Amino acid sequence: MISQVFILSSQGDHLIYKDCILMHYSQENSLDLYLKLVGITILLSVQCPQRNKNLNFIHVRHSGLYWVVSTKDNPSPFTIIEFLNRLAALTKDYCGSLSEKSVRMNFALIYELLDEMVDYGYIQTTSTDILKNFIQTEAVTSKPFSLFDLSNVGLFGAETQQSKVAPSAAASRPIVASHGEQVRKNEIFVDVVERLSVVIGSNGVLMKADVEGEIRVKCYLPTCSEMRIGLNEEFSIGKSQLRGYGAAVRVDECSFHQAVKLDEFDTYRILKVCPSQGEQTLMQYQLSDELPCAPPFRLFPTVEKDYGSRLLIFLKLRCDLPPKRYLTFVGISQTVARALLLFSLSQELSSPEQSAELQPRSKAVLWTIPRFPGGAQLSAVFKVEVPRLSSASLLEVGPISMSFELPKYTCTGLQVRFLRLSPTQPGLSQRWVRYVTHSDSYTIRI
Amino acid sequence: MSSSSAFNDEKGGSSSVGEPEYGHDPASGGIFSSDYKRHDDLKEMLDSNKDSLKLEAMKRIVAMVARGKNASDLFPAVVKNVACKNIEVKKLVYVYLVRYAEEQQDLALLSISTFQRGLKDPNQLIRASALRVLSSIRVTIIVPIMMLAIKEAASDMSPYVRKTAAHAIPKLYSLDPEQKDQLIEVIEKLLADKTTLVAGSVVMAFEEVCPERIELIHKNYRKLCNLLIDVEEWGQVVIINMLTRYARTQFLNPNINESLLEEGGEKEFYASDDDEDDEEKKAEAAALAKRKPYVMDPDHRLLLRNTKPLLQSRNAAVVMAVAQLYFHLAPKAEVGVIAKALVRLLRSHSEVQYVVLQNVATMTIKRRGMFEPHLKSFYIRSTDPTQIKILKLEVLTNLASETNISTILREFQTYIKSMDKDFVAATIEAIGRCATNIGEVRDTCLNGLVQLLSNRDELVVAESVVVIKKLLQMQPEQHSEIIKHMAKLIDNIQVPMARASILWLIGEYCEHVPKIAPDVLRKMAKTFTNEEDIVKLQILNLAAKLYLTNSKQTKLLTQYVLNLAKYDQNYDIRDRARFIRQLIVPTDKSGALSKYAKKLFLALKPAPVLESPFKDRDHFQLGSLSHLLNTKAGGYQELPEWPDSAPDPSVRNVEVPEWSKCTSRKERKEKKVEKPFYSDSEGESGPTESADSESDSGSRSESDSEQTGSGSESEESVEESQSEEEEDEEEEKMKKKKKVDKSQPKKSESAESKIASEIQFLLSTSVAPTSSPQVTPVNNFLSSSLASDLEGLSLTDTVLAPTTIAPSASVRMYELLHRITGEGLGVEYCFNRQAFSPDPHMVAVQIHFTNNTSCETKNLHIEEPKLQSGMRIKEFPEIDMLPAGESVSVVMGIDFCDSTQAANFQLCTHTRKFFVSIQPPVGELMTPIFLTENEFKKEQTGHN
C-alpha cells in the first residue's frame, strides 16, 4: 500500500507530491527526513528501499528525476518499483518527453494521472487503454527550436529528400493529441534496439557475448487498428530449428508482450498486434554466446615498461564491420594504475578529431573517437608517467572497456521486413523503423 | 501570469461594473495582502460562467496541490463547481475534493448530493467515479451514506463499478472500523463475483479488512485459481500473496517425505553450524516413519499449475510473486522452474535487479542446485552499480561448488583489477568464503591472496590480510611461510585493521615463527605511541603472548610496552595493560589466575565461520519488503507454518451448478465428461515421465474431491514440472488445438483399428462422434483486455486459458468390487491416462482399494488372469497389508490389444478371492507419447 508519491528533481526539489491515504504527515517532515538520511548523493548512486522510522521509502530514477514512494506497511518491493517504472513510462507517454521541464509544465496532468492510478494507496490500473477514458487534461509541450525541423522544409516548401528520415525528436510528443491541433499525425515508430555485452580475454578469445534486444513500438494512432510486423523469415528461436536457406537469424529466447498475437508467427514470422497508444515493448529476445557475426571490434593492446618510470601503451583498434557501416561516439577507457599521485600523459593519435584525456578520478585514459567507419583501423600510443613504476604495476593495468553506438545495425541480423496497418488508415499514416545497437558492456581484458 | 492578464479582457465583458478591481498579479498585493485575498484571481475565474476560465483556474489549483502547496482556502469556490457540466472541470474538482474534503468537512457535505446523483447515472464510468470520490471524502457523518452506496454498487451491473466498490471498502474501514462486520458481508458477496476485474480488488479489500477470516476463501479458492491468469497484473500480485498464505494453512508440506539422504547431502555444505538441524532432522525422521506417504491435495496442485504460466508475465512483481509462491509451496523437484524466470528479471532495470538478487541470494543458500545452470548470468559487468556487483558476488559465492570453483575463481581474479574499491574488497572476502567452504581450493586461494599482498593498492592488501588471517586460523601449522611473509609487510602496510590482523597472527602462532616474533615486537614497541587503538591492543596481546612463551628475549620489551600503555589516553588500553600485567608478570601476591595465564592467552581459538549475510533472511517471506530490509516492516504477516495434518479439503467443494453455469466453457466441457460415452478428446497430451507415477496414483485417493468437477489434475503435475515451460506449453496448446481439429471431421475410426505407427499422434483409438465440433481452439491465451471488461462484458471467453494449457482431467472412477460383495473391501478403478512405464503398449489402470472392515486385509494381489488372446496384464506389486479404514492406490498395466474386450482376473486377499473384470470404455485406450516440436509439426501437416 502506497502512502505517498513524490517526484523530485535531480536537485531534490519537490515537483509532485501526492498524499495517497492522507496521513497528514507534513511532506517536509517525512521526505526531508528521508533526504537527510539518504542524502541526495547516495540517491544518485543506487536505488533501494530505505527505511526511516516507520515509513519505508523506495525510489527509482528515470531521466534525471527521482520517483519516490513511501509506504507504511509491507508491500512487495517489486510492486512499488514496477509501479514507479510504469508511472514514469505513462508520464512520458502523456507529456511527450520526460524531463524536469515537462513535469513542471504538466503538474495538473500528472496529478490527475496519479489520482486515477492510485486510489487510497492501492494501484488501480496502469493501462493506457483504461486511463484514456478518464484523463481529461491536455499535455503542455514545449517545442524547442530545432534545425532538424527546418531541414525538412525545402526550398519553396518542396519536400526534400531529408524527409525520408524522421527528425529525432519526432517520437517525443504526447500520445493524446490536443484538440487544437489541426492535422493529427498518425505515426508509428518501431525501434529495434540491441544491447551488446562482450568480454574478450587477454588472449583475444571471445569469452562471453550476449545480445539483449527488443522491439519497441511507439504508437500515435488514435484508433486501434491491427498492425502486422514481419520479421526475417529465417528468424529462429532456440538451437534446434533452422529455417530457410539464408543466413539464419537465431535467438535463444524470445518473449512477447501479452497483446501480441502469434498465430502467424510460426509460419510467416509475423507479429500481429493492436497497439494501444503510447510506448510498449512488443518483443524481447536474448542471444548468448553464439554471435552470428564477429564482435564489431578487435583491439590489440600492448603494455610495456619504458625506461624510467614511464608506461607505454600501444592500442590498435580494428573495426570488423562492413565498410558502409560506421560507429558513432566510441569511447575507450582503460585503467592505467591504481596508486598514482603524479601522473602525466602524452599521446600520439592518428587523427585530429580524436581526443584522449586522463581522468584523474578513475585513473583511466579515455580515448574518444567521434566517428569510426567500418573496416578501418586506428592506432594510438599513450605514454604515461607513473611514479614508482615496478614490474608489478604492469599487472595493475586494468581491462579496457568500450562504449559505442552502432546505428542502422543489429548484431543478430534481425530486420523488420514490413510494417502494415490494416485496415489502412485514412489520411496520413507514417511508419518509421529504426535500428540501433548499443554497447552495454564491452570489455577487453589484459 | 500571462494567462491571468489574457483572461482579464474576457472578464471585462462579463463582470458587473461596480466590482472592485484586484491586481492581476497576485504578487502585486505585496506584503500587506491578507491571506483571503491571495487567490482572488483564481476565485474570480472559478465564479465566472465560462468553462475555459474555470478549467484554467482548476488546472492551476491542481498544480498547486501537486506541488504540495496549501490550497485549502479555495475550497468554497471550488466545491461550487462540483456540479459543473464540463467533464474536464468536474474531473479536476473531484481531484481537489479528494485532497481537501477532510479538512473542510462542513463544506464538503455540500457536494454529497451531487455524488449521490452520480451514483444513479446511466454511465458506468460516472457511477464509478462518483463512488470513488464519495468514499474518499473522509467525513464521519457520511459513513451510513457510504455504506449504502458501497452495498448498492456491490450489486451493480457493471463490473467496473463493482471493482470500485471493492476499492471503497478499505477506505470506509479506515474511516470507521466499527463497520467491519457489514463490510465483511460485502466482501463475502464480492468474493463470489466471477469477473476478473473484481477479483483483484476484492482480495485487496479482504487482505486489508479481514485477513484472518480465511474461511471466506474456501468456497472461492478454485474460482480464484482459475481466474488468476486473466486478472489484471496488480490484482494478480495480491491474489497470489493471499493464496500463498492460504495454502500454507490448508495443505500439507509437500517436502515432508523428502529423502533424508538428499537433504543431508545438500546441507553438508554448511555442515559447520547445523547441529541443531541434524537433531531436528532426526526427530523429523522419526515422525516421518509413522506418517503415511504424502499425497498432494489436488487443490494445491491446481494452484501451482495455474500460477506457473504467470512466470512469463512482463510485470516483475507478478513474476516474483509466483516465484515466492513456488519457493514456499512447491515440492522441491518443481521449484527449479522459477530460476529461469528470475534470471530473466536480471535483464531489467537496475532497481529490479537489486531486489531480485537479494531474493536469489536467499534462495541460493537453501537450494543451491536451482541456480547452478545459470551461473554465467551472475557474472559481473563493468557497468553494474556497486551494490549490484556485491550482490552478484554473494550469489556467485553461494553457488560455488567443487565443480565450478575454478571458473568462479578465474572470474574473481579479473574482478580484483576493478577500480571500484568496495567491490574489490567484497571480492577478496568472497574468495575467502569460497576457500573456507570448499576445502580443495583452500591452498590455491591462500596462494592467490598472498600474491595480492604485493599489490600496490593498500586497500587490496589490507583486505587480503584480514581474509588470510581468517583462513590461516583454520590450519596454521602448514603456513609459517605465509606468516613470515606477512611479518615483513608490517613495515609497509598502514591500514590499521590489517596491521592489527598481522600482529594477532604473529602472536597467536609465535611458536611457528620463534625468531621473527620478538623482532616484530621490538619494532612495534618503537612506534607504539603513534599507532591506532586497535593496533595498540594487538601489540599488547602480542607482548603478553611472547612473554609467556619466550620470556627470556621479550621480558624487557613487554615491560616497556606495558609501561607505555599504562599512560595511554585510551582507557581501554590502560585497562588492558593493567589486566595483562597482573596476569603474566609474577609478583609476590599474584593471584590464583596467573598460573593459568598461558591457558588464558594461548587457548585454541575456534576458527571463524565465514558465512553469508543472507543466511538468516529466509525466515521472512521472500519478495516482501521485510525480507529486503531484513527487519519487520509494519504490517508484516509471518508466513504460517505448514499444518501437521491437513484441514478438511471438502470445504472447498462447491456445488457444481453454482458456478459451472458461469461463463467459462471449461466447466461445460467437464460436465460433459460425466456422460458415459463421452470420449475425452482433450485427454492426456503432453510427454509424461512415468518415474513419479506412484505419487500421482497416491493423489487419486482423494476421491471425494472428484465430483466437484474442478479437476484434480495431479497427473498433469509431473509432466509440467519437468517440461521446459514455454516451449512445452506452447506445444501442448498446439496439440490441443490439433486434437480438437481432428475431432471436427468426425472421423470415427473403428475401435479395433491397429495403431499404424509409433509416431501416430493421437493414439486414442476411437474418437467419439459426440465430441462437440463447435469447440474451437482458443489461442488468444492471455488476451483478455481490460478494455473489454470495461464495456461490461463478463469474461466469457478468456477464462478458458487454464484449460488450454492443461488438459482437464476429471477422471471417472469405475467400480470393480462393491464393498458389500467384497465383504468390506471396496475396489474402484480408473484410467489415469498416464504412460505405463514398464511396457509402453499397456494402458495404465489405477486401482483404488478401500478397506471398510474393522480388521486389516492382507496380501492383496492378482491371480489367474483369464484373458483374450494377445492380451497381457502386468500386475501391481502385492499389497502386504491394508489396515482397517485405510485406502491405497496402485497402478497396473493391461494391454487390451486395442479391443474393448474385458480383462478378467481374480483379486485375492489372504482370506478370499473375488472374480472381477475391467472393461475399457471407448476412448480410454490411449498412449501418451513424446514428440518434439518439429515432429509434431510434421505430424500436423500430415494429418490435415
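User: Which residues of helix 26 of chain B are buried?
Analyst: In this predicted model, helix 26 of chain B covers residues 458–472. Twelve of its 15 residues are buried, so the helix is largely enclosed by the rest of the structure. Its cover includes helix 24, helix 25, helix 27 and helix 28 of chain B. The buried residues are V460(B), V461(B), A462(B), E463(B), S464(B), V465(B), V466(B), V467(B), I468(B), K469(B), L471(B) and L472(B).

User: How far apart are the end C-alpha atoms of helix 26 of chain B?
Analyst: Helix 26 of chain B has 15 residues, and at 1.5 Å a residue these should span 21 Å. The distance in the model agrees with that expectation, since the end C-alpha atoms are apart by 21 Å.

User: How many of the 17 residues of helix 24 of chain B are buried?
Analyst: Helix 24 of chain B, residues 421–437, is part of what covers the buried residues of helix 26 of chain B. Its 17 residues should span 24 Å, and its end C-alpha atoms are 24 Å apart, which agrees. Helix 24 of chain B is itself largely enclosed by the rest of the structure, because the number of its residues that are buried is 13.

User: Are helix 22 and helix 24 of chain B roughly parallel or roughly antiparallel?
Analyst: The axes of helix 22 (residues 386–399) and helix 24 of chain B come within 10 Å and cross at roughly 10°. Angles under 35 degrees count as roughly parallel. The crossing therefore makes helix 22 of chain B, relative to helix 24 of chain B, roughly parallel.

User: Which residues in helix 24 of chain B meet helix 22 of chain B?
Analyst: By class, this contact has six nonpolar, four polar and four charged residues. Helix 22 of chain B contributes T386(B), K389(B), I390(B), L393(B), E394(B), T397(B) and N398(B). On the side of helix 24 of chain B, the residues are D422(B), F423(B), A426(B), T427(B), A430(B), R433(B) and C434(B).

User: How do the axes of helix 9 and helix 11 of chain B cross, and what residue classes make up the contact?
Analyst: The axes of helix 9 (residues 159–175) and helix 11 (residues 196–209) of chain B come within 8 Å and cross at roughly 10°. That makes the two helices roughly parallel. Among the residues in contact are Y160(B), A166(B) and Y173(B) of helix 9 of chain B, with V198(B), M204(B) and E208(B) of helix 11 of chain B. By class, the contact has twelve nonpolar, two polar and three charged residues.

User: What covers the buried residues of helix 5 of chain B?
Analyst: Helix 5 of chain B, residues 87–100, reaches 20 Å from its first C-alpha to its last, close to the 20 Å expected. Twelve of its 14 residues are buried, so it is largely enclosed by the rest of the structure. Those buried residues include V89(B), L92(B), Y96(B) and R99(B). Their cover includes helix 3, helix 4, helix 6 and helix 7 of chain B, together with helix 4 (107–117) of chain A.

User: Is M363(B) buried or exposed, and which residues does it touch?
Analyst: M363(B) is found in helix 20 (residues 350–366) of chain B. Its relative accessible area is 0%, so M363(B) is buried. M363(B) and R617(B) are 254 residues apart in sequence, with 9.6 Å between their C-alpha atoms. Not counting residues up to four places away in sequence, M363(B) touches M320(B), F327(B), I338(B), L342(B), M370(B), F371(B) and L622(B).

User: Is Y120(A) buried or exposed?
Analyst: Y120(A) is in the loop between strand 6 (118–119) and strand 7 (122–123) of chain A. Its phi is near 50°, a positive value in a residue other than glycine. With a relative accessible area of 11%, under the 20% cut-off, Y120(A) is buried.

User: Is K408(A) buried or exposed?
Analyst: K408(A) lies in the loop between strand 23 (400–407) and strand 24 (416–422) of chain A. It has a positive phi of about 55° although it is not a glycine. Its relative accessible area is 55%, so K408(A) is exposed.

User: What percentage of the residues of chain A count as buried?
Analyst: Chain A has seven helices and 25 strands. Its accessible surface comes to about 19300 Å², of which 54% belongs to carbon and sulfur atoms. Of its 446 residues, the share that count as buried is 54%.

Terms used:
Residues are numbered from 1 along each chain as its sequence is written. Chains are lettered from A and ligands numbered from 1 in the order in which they are written. This is a predicted model: local features need pLDDT of at least 70, side-chain atom pairs count only at pLDDT 80 or more; totals for chains, interfaces and linings use all residues. Side-chain values use heavy atoms; hydrogens and water are left out. Axes are lines fitted to C-alpha atoms, for helices over the stretch in contact, and angles run from 0 to 180 degrees between N-to-C directions. Helices (H or I, at least four residues) and strands (E, at least two) are DSSP runs, numbered from the N terminus. Angles under 35 degrees count as roughly parallel, over 145 as roughly antiparallel, 65 to 115 as roughly perpendicular and the rest as oblique. Contact means heavy atoms within 4.5 Å. Ala, Val, Leu, Ile, Met, Phe, Trp, Tyr, Cys and Pro count as nonpolar, Asp, Glu, Lys and Arg as charged, and the others, Gly among them, as polar. Buried means under 20% relative accessible area, exposed over 50%, partly exposed in between (1.4 Å probe, protein chains only). The expected span of a helix is 1.5 Å times one less than its number of residues. Accessible areas come from the Shrake-Rupley method with a 1.4 Å probe; for residues, only the protein chains shown count as cover.
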